[in-house]
Amino acid sequence: NLSCLVYFSETSLQPSDAAVSDIINTAKAYNEQFDITGALFLHEGYFMQCLEGRRAFINQLYLQICRDTRHTNPQLIYFNDIPQRLFGQWSMGFLPCQ
């Protein structure tokens with residue numbers, strides 16, 4: 001079963017912060033291991049992320065994100081089965097929004 005999870009959270013990070021690079025690099029390695037794809041958006045102190053993969057794997061990843069101190073007040077927006085991936089080419093794409 002292929003599922004998609006979308007959430008947003010608050011952060012004090014900026015796109016140029018080293019912590020953002022760390023999040024991206026860690027996510028790419030983790031996501032490749034568990035066949036998770038998706039994209040992370042960062043805009044004016046808010047993250048929004050879309051995760052795609054096996055339901056159990058993305059659920060576990062979201063629970064880790066909820067415990068990550070770089071994310072404040074995470075809010076689940078969407079978690080449902082999907083017929084195909086939207087971000088299949090990205091283990092973790094990053095889109096800093098202007």
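This is a predicted model: local features need pLDDT of at least 70, side-chain atom pairs count only at pLDDT 80 or more; totals for chains, interfaces and linings use all residues.

Colleague: Okay, why is N31 called buried?

Modeller: Buried means under 20% relative accessible area. N31 has a relative accessible area of 1%, so N31 is buried. This residue is found in helix α1.

Colleague: What does N31 touch, leaving out residues up to four places away in sequence?

Modeller: With those set aside, N31 touches I36, L61, S91 and M92. Contact here means heavy atoms within 4.5 Å.

Colleague: And what makes R54 count as exposed?

Modeller: The cut-off for exposed is over 50%. R54 comes in at 52% relative accessibility, so the label exposed applies. You'll find R54 in strand β3.

Colleague: How far apart are R54 and C66?

Modeller: In sequence, R54 and C66 are 12 residues apart, and in space they are 19 Å apart, C-alpha to C-alpha.

Colleague: Now α2. How do you know what span to expect for this helix?

Modeller: The expected span is 1.5 Å times one less than the number of residues. α2 has 13 residues, so 18 Å is expected. From its first C-alpha to its last, α2 reaches 19 Å, which is close to that value.

Colleague: Which residues of α2 are buried?

Modeller: I58, L61, Y62 and I65 are the buried ones in α2. They lie on the same side of α2 because they cover an arc of only 100 degrees around the axis. An α-helix has 3.6 residues a turn, so residues three or four places apart point the same way.

Colleague: What sits on the other side of α2, and what do the buried residues pack against?

Modeller: A56 and R67 are exposed on the other side of α2. The buried residues of α2 pack against β1 (2–10), α1, β3 and β4 (72–81).

Colleague: Last one: what makes up the lining of the largest pocket?

Modeller: A residue counts as lining if it has an atom within 4 Å of a pocket point. The largest pocket has 16 lining residues, with I23, A27, L61, I65 and D68 nearest its centre. Nine of the lining residues are nonpolar, five polar and two charged.

Colleague: Which elements supply at least two residues each, and which gives the largest share?

Modeller: α1 (18–33), β3 (46–54) and α2 (55–67) each supply at least two, and α1 gives the largest share, with five residues. The space in this pocket is about 260 Å³.

Conventions:
Residues are numbered from 1 along each chain as its sequence is written. Side-chain values use heavy atoms; hydrogens and water are left out. On a 1 Å grid over the protein atoms alone, a cavity is a set of points where a 1.4 Å probe fits but cannot get out, and a pocket is an open set with protein on both sides within 12 Å along at least five of seven lines; lining residues have an atom within 4 Å of a point. Grid points are joined across faces, edges and corners, and a volume is the space filled by probe spheres set on the points. Helices (H or I, at least four residues) and strands (E, at least two) are DSSP runs, numbered from the N terminus. Ala, Val, Leu, Ile, Met, Phe, Trp, Tyr, Cys and Pro count as nonpolar, Asp, Glu, Lys and Arg as charged, and the others, Gly among them, as polar. Buried means under 20% relative accessible area, exposed over 50%, partly exposed in between (1.4 Å probe, protein chains only). The arc is that of the directions from the helix axis to the C-beta atoms.
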